[in-house]
Amino acid sequence: MVLGKALARCNYWYFSYTILSNVYFLEPVERWACNILLLFFLALVFYTSYVYLPGHSLMMLHFFKYLLGIENDTEIAVVT
């Protein structure tokens, strides 16, 4: 049941992505290629930000962990 809801949510997010990015009108192979390029560029952005801006990347990671409730106020360390 939970897995079905998660799958439905992922399908909804993918459908929203295809509609908003106008990828829905492409052929399946072209859509696959665009998705691979998007994932490649996102991975490139994350990698370069981690390599060239490690302090900022770690600060963002702690911020998102705090927003998601994974980390609380007492576990937050000040990065200097």
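The lining of the largest pocket has six nonpolar residues, three polar ones and no charged ones. That tally comes from a predicted model. Which residues make up the lining? They are Phe46, Ser49, Tyr50, His56, Ser57, Leu58, Met60, Leu61 and Phe64. Find them in the structure above. The pocket they line has a volume of about 190 Å³.

Now look at where the lining comes from. Helix 2 covers residues 28-52, and helix 3 covers residues 54-67. Each of these two helices supplies at least two residues of the lining. Which helix gives the largest share? Helix 3 does, with six residues.

Stay with helix 2 for a moment. Asparagine 35 sits in this helix. Is asparagine 35 buried or exposed? Its relative accessible area is 17%, so asparagine 35 counts as buried, since the cut-off for buried is under 20%. What does asparagine 35 touch? Leaving aside residues up to four places away in sequence, asparagine 35 is in contact with Tyr14 and Tyr17.

Next comes helix 1, which runs over residues 2-20. Helix 1 has 19 residues. From its first C-alpha to its last, helix 1 reaches 27 Å. That is close to the 27 Å expected at 1.5 Å a residue.

What follows helix 1? Just after this helix lies asparagine 22, which takes a positive phi of about 60°.

Technical notes
Residues are numbered from 1 along each chain as its sequence is written. This is a predicted model: local features need pLDDT of at least 70, side-chain atom pairs count only at pLDDT 80 or more; totals for chains, interfaces and linings use all residues. Side-chain values use heavy atoms; hydrogens and water are left out. On a 1 Å grid over the protein atoms alone, a cavity is a set of points where a 1.4 Å probe fits but cannot get out, and a pocket is an open set with protein on both sides within 12 Å along at least five of seven lines; lining residues have an atom within 4 Å of a point. Grid points are joined across faces, edges and corners, and a volume is the space filled by probe spheres set on the points. Helices (H or I, at least four residues) and strands (E, at least two) are DSSP runs, numbered from the N terminus. Ala, Val, Leu, Ile, Met, Phe, Trp, Tyr, Cys and Pro count as nonpolar, Asp, Glu, Lys and Arg as charged, and the others, Gly among them, as polar. The expected span of a helix is 1.5 Å times one less than its number of residues. Buried means under 20% relative accessible area, exposed over 50%, partly exposed in between (1.4 Å probe, protein chains only). Contact means heavy atoms within 4.5 Å.
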